[in-house]
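Dear colleague,

Please find below the structure that I am handing over to you, together with its sequence.

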Amino acid sequence: MAQGTLALGVEAVGCAAFDAGIKGAFGYPGTPSTEGFEFVEAMIHAAPEGRVAQWAANEKVAYDLALGVSYAGHRTLVTMKHVGLNVAMDAYANSALTGVRGGLVLLVADDPGMHSSQNEQDSRRLAKFAWLPVLEPSTVQECYDFTWRAFELSESLQVPVMVRLVTRLAHCRAHLVRRDVLTPTGLGVAPRETIQDWVLIPSNARRRYVDLLAKQPRMVEALAPMNRLVAGSGRQGVAVAGMGRAYFEQLSLEHPELKAMPRLEVAAYPMDPGLEPAFLAQVDEVFVFEEDYPVLEERLTFQRAGKIHGRMDGSLPRTGELTPRLLKEALSLLTADGKPASSLDLPIRAPRFCDGCGHVDAYEAMQEALRNLGVPDARVFGDIGCYTLAAQEPMSAIHAVVEMGASISMAVGAAMAGQTPSVAVIGDSTFGHSGLPALLTAADSGVNVTVMILDNRVVGMTGQQPSQALDQVERMVLGMGIPAAQVQVLTPLPRQHEANVKAMETALQHPGPSVVVFRRECIQSIRRGVLKEHDQELKACAEQACCSTEARP
Amino acid sequence: MSEPRIHGIVFGGVGGQGVLSLAQIVLEALRRSGLHALQSEIHGMSQRGGSVHAQVCFSEVPLSSPIIDEGCADLLIALEPLEALRYVAMLRMNGQLVVSEEPQVNMEGYPPLDDVYAALKKVRGCHLVDTEDLARKLNHRQAGGMALLGMASKFLPVPDAVWHDVITERFAAKGARVTEKNIEAFNAGRGLVQEAVGV
Ligand code: SF4
C-alpha cells in the first residue's frame with residue numbers, strides 16, 4: 001500500500017531502493033550519505049525476508065558486494081559520499097564494462113561547499129568518465145522517484161546507474177509519497193552465455209568497451225524524457241540542473257516574470273546532444289545554475305553561441321555551494337533588506353572532542369613522548385575520523401590529513417626520505433578501510449615508522465557505525481608482519497598517562513616499524529549502548545568456551 | 001497580483017541541544033496544518049558540540065528550495081544566546097526571535113554574557129527566555145526547547161490541537177509522564193510570549 005513519510009533526500013533514496021525490491025544494501029559511512037544507508041538498513045532489519053544491509057570495510061568493497069548481488073540476479077543499492085567514489089572507482093568504472101544483471105543503483109552524495117569533506121568534486125564527471133548514466137534529482141520526492149527510475153534504467157540498459165545528490169538535498173527533509181513495495185524477485189544468476197562479459201581479461205574487455213560505447217545512444221534515448229526544453233519569450237534564458245533547478249523554480253514563485261524565460265532543464269546524463277543547439281538558437285544570453293562543477297556550462301560554452309554566464313565567467317563564484325542568493329545576484333534581482341548583523345565579534349564554535357574521549361589521552365601521550373625525545377618540530381601524519389579534530393589549535397597534534405588511509409603510507413614515505421621519527425595516526429575503522437595494505441608496506445619497509453591505531457571500536461565521526469576491525473586490530477597488525485615485540489596495546493586514560501608516554505617513547509625509538517594500539521570505546525557509543533549486545537555475546541561465548549576465543553586479544 | 005509568500009524559520013544552537021528535533025516537530029506541525037514545508041539541516045559533527053543550524057520553509061504552494069535567503073526569515077528559534085546572534089541577519093526587518101538565555105560555553109573566547117544579552121536586546125522582536133529558571137519551576141531539566149517552541153508557536157499558523165498531537169506522538173515512546181512534562185513546558189512558553197507581546 002502506498003503511503004507517505006517524512007524523509008531526508010538521502011533517506012528517500014534508501015526508501016525507494018527498499019520499495020523497489022532490493023535484496024542487498026551496502027555502503028561506507030560518510031557525511032552527507034550516511035543516513036541513506038541507515039534508513040534502508042532500518043527497513044531491512046524490521047522486515048528482513050532474506051534481504052541484507054551491511055556496512056562494508058570501504059566503498060570499493062561495498063561496491064563489489066553490490067555487484068555480486070546484481071550478478072546473482074537481484075536489485076541492490078550501494079551508498080557513499082563523493083570522495084568515497086574515488087575509493088570505489090576501480091570497481092565502478094569496470095562495472096560499466098561487465099554490465100549488470102539485477103538493477104544496481106549507486107547513491108553518491110556530493111558535498112559542494114565542503115561542509116564536512118576534503119574536497120568538492122562533482123560525481124557527474126566520474127559518471128561521464130565511466131560512460132555511465134547519472135540522474136540528478138532536485139527535490140526529496142524526485143530522490144524517491146528517480147531511484148525507482150534508476151532501477152528500471154539499470155535493468156533495461158544493463159548498466160549501473162548513479163543517483164547524485166548534494167548536501168542541501170541530501171539533508172533536506174520533506175514529505176514523501178511512496179509507491180507500493182515490491183518483494184525482491186531474482187532473475188537468477190548471470191546466464192552461461194554472458195559469463196565472458198563478466199570476465200574482464202583484455203580480449204573480453206575490448207569487446208565490452210565497444211559494447212558500452214555502442215550503448216550510449218540507447219542511454220541518451222532512455223534518459224531523454226528527463227531533460228527538457230521549455231520555450232519562452234525574450235532572448236535571455238536559463239539552463240538549470242539539480243539544486244539549480246530547485247532554486248530557480250522557487251525564485252520564479254516570488255518573481256513570476258522569470259517563468260517567461262526560455263529554459264533548459266537537465267536531470268540526467270548523458271543528454272541528447274541536440275538539446276543544447278536547440279536551446280541556444282532561442283537565446284543570446286544564458287545563465288547556468290547547477291551545483292558544483294560547470295558541467296552543463298562547459299557543454300554550452302563549447303557550442304559558442306551567445307553569452308554564457310555561470311561559474312566560468314565569474315557570474316557565480318568558482319568554488320562553494322550554489323545558493324538562492326547567488327541566483328538572485330546573478331539575475332540582478334533585488335534582495336530584501338533584513339535586520340543588520342550583530343556587531344559583536346562572534347567566535348566560531350568548532351566541533352571538538354567529546355569530554356573524556358580517549359583520543360585526547362592518546363594524543364597527549366604522543367606529544368609528551370615526542371617532547372621527551374627532544375623532537376622540536378614534530379610532523380605527524382593524521383587521517384580521517386574524529387581524531388582529525390586534533391589538527392586544530394591548541395592541540396595541533398597532526399600536521400597532514402589527505403585521504404582515508406594516507407597517514408600510514410605517507411609516514412612510510414617520509415621515513416624513507418629520512419624523517420625520523422615518522423608517526424602515523426589512524427582510527428580502527430580507517431585502518432580497516434585502507435590502512436591494511438599500507439601497513440603491509442610499512443612492515444615490509446623496515447623503516448622507523450610508528451603507527452598509532454586509535455581504536456574506539458566504532459566509526460566515531462559519522463555516528464558510531466560498526467567498525468569492521470572490531471576486536472581484530474592486533475591480530476591484523478601481527479598478520480601484516482609487524483613483529484609481536486613491536487606491537488603494544490595501551491589504554492588511553494589519564495591514570496595510564498605515564499605508562500603510555502613511556503610506551504610511546506619505546507616505539508618512537510625503535511629503528512624499525514612499530515605499532516601502538518590505543519583502545520578505549522567511543523564515549524558516544526558507550527552512551528548509546530551500540531556494542532552492548534556484541535559484548536554480551538562475546539562474554540557468554542568465552543564463559544561457555546563454545547567457540548574459539550582467540551579472536552579476543 | 002500577489003505572489004505566494006514563502007515563510008522561513010531559522011533554528012540555531014549547539015550540538016546535542018536538540019535543534020534538529022525541534023525543527024522536525026515544527027516541520028510536521030506545519031505539514032499537518034495543510035501547508036507545504038521543507039527542512040534543511042547542517043550538522044557536520046553534531047555530537048561534538050559545534051554550531052548546529054536548521055531551517056524550515058513553508059508556504060501555501062509547493063516549495064522546492066529548502067534554504068532561506070538572508071534577510072528573508074520570519075522567525076528565529078535559538079537554544080543559545082550567542083548562536084542567536086549568529087543568525088540575526090537572516091531575519092526580515094519585522095522578524096521575531098525567541099532565544100534561550102542559557103549560554104553554552106564550550107569554546108574559547110565566548111564574549112562577556114552581558115554583552116551578548118545587550119546585543120540581543122537591541123534587536124527588535126527579540127524575546128529572551130530564562131529557560132534555566134523555567135526548567136527549575138517546572139521541575140523538568142530539558143524544558144527549555146519545548147518552552148521556546150511554545151513561544152514560537154504564537155507566530156506560526158498551526159492550531160493548538162496540531163501542536164498537541166505532534167508533541168504527544170514525538171514523546172509517546174518515552175511514556176505519558178514525559179509527554180505531559182513537555183506539553184506543560186510548551187504551554188508555559190506560550191504563556192510567556194503573551195506577556196511579552198502584551199506589554
Ligand atoms: S564521538 Fe567518540 S570518538 Fe568522536 S570525539 Fe566523541 S568520544 Fe571521541
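Predicted model: local features only at pLDDT ≥ 70, side-chain atom pairs only at ≥ 80, totals over all residues.

Chain B as a whole

Chain B contains seven helices and six strands. Read from the N terminus, these elements follow the order β-α-β-β-β-α-β-α-β-α-α-α-α. The C-alpha atoms of the chain occupy a box of roughly 50 × 40 × 40 Å along the principal axes.

Of the 199 residues in chain B, 58% count as buried. The chain exposes about 8300 Å², of which carbon and sulfur atoms supply 50%. If one takes the contacts in chain B between residues at least 6 apart in sequence, 64% of them join residues at least 24 apart.

Nonpolar cores

The largest nonpolar core comprises 140 residues, and those with the most contacts inside it are Y92(A), F289(A) and L300(A). Helix α6 of chain A, residues 140-157, gives the most to this core, contributing nine residues. Apart from this core lies another, of 55 residues, which includes I398(A), A442(A), V449(A) and I453(A).

The surroundings of F289(A) can be listed in more detail. When neighbours within four places in sequence are left aside, F289(A) is in contact with V238(A), A239(A), V240(A), A241(A), G244(A), R245(A) and F248(A), and also with L316(A), L322(A), L327(A), A330(A) and L331(A).

Cysteines

How many disulfides does a search of the whole structure find? Over all chains, the search finds zero. C57(B) is accordingly in no disulfide, and the nearest cysteine sulfur, that of C172(A), is 8.3 Å away. C57(B) is buried, with a relative accessible area of 2%. C357(A) is buried as well, at a relative accessible area of 15%; both values fall under the 20% limit for a buried residue.

Backbone features of chain A

Most peptide bonds are trans, and most residues other than glycine have a negative phi.

Two cis peptide bonds may be noted here. One runs from T31(A) to P32(A), with omega near 5 degrees; P32(A) is found in the loop between β2 (22-27) and α2 (34-46) of chain A. Another joins Y269(A) and P270(A), with omega about 0 degrees. P270(A) belongs to the loop between β12 (268-269) and α10 (275-280) of chain A.

Positive phi values in residues other than glycine come next. Q158(A) has a phi near 55 degrees and is placed in the loop between α6 and β7 (161-166) of chain A. Q464(A), which is not a glycine either, has a positive phi of about 65 degrees. The place of Q464(A) is the loop between β18 (458-459) and β19 (465-466) of chain A.

Is each of these glutamines buried, partly exposed or exposed? Q158(A) is partly exposed, with a relative accessible area of 43%, whereas Q464(A) counts as buried at 4% relative accessibility.

With kind regards

Definitions and conventions:
Residues numbered from 1 in each chain as written. Chains lettered and ligands numbered in written order. Heavy atoms only, no water. Disulfide = S-S within 2.5 Å. Buried < 20%, exposed > 50% of the residue type's maximum accessible area, 1.4 Å probe, protein only. Core = buried A, V, L, I, M, F, W, Y, C linked by side-chain atoms within 4.5 Å. Helix = DSSP H or I, 4+ residues; strand = E, 2+ residues; numbered from the N terminus. Contact = heavy atoms within 4.5 Å. Areas by Shrake-Rupley, 256 points an atom, 1.4 Å probe, with all protein chains shown as cover.
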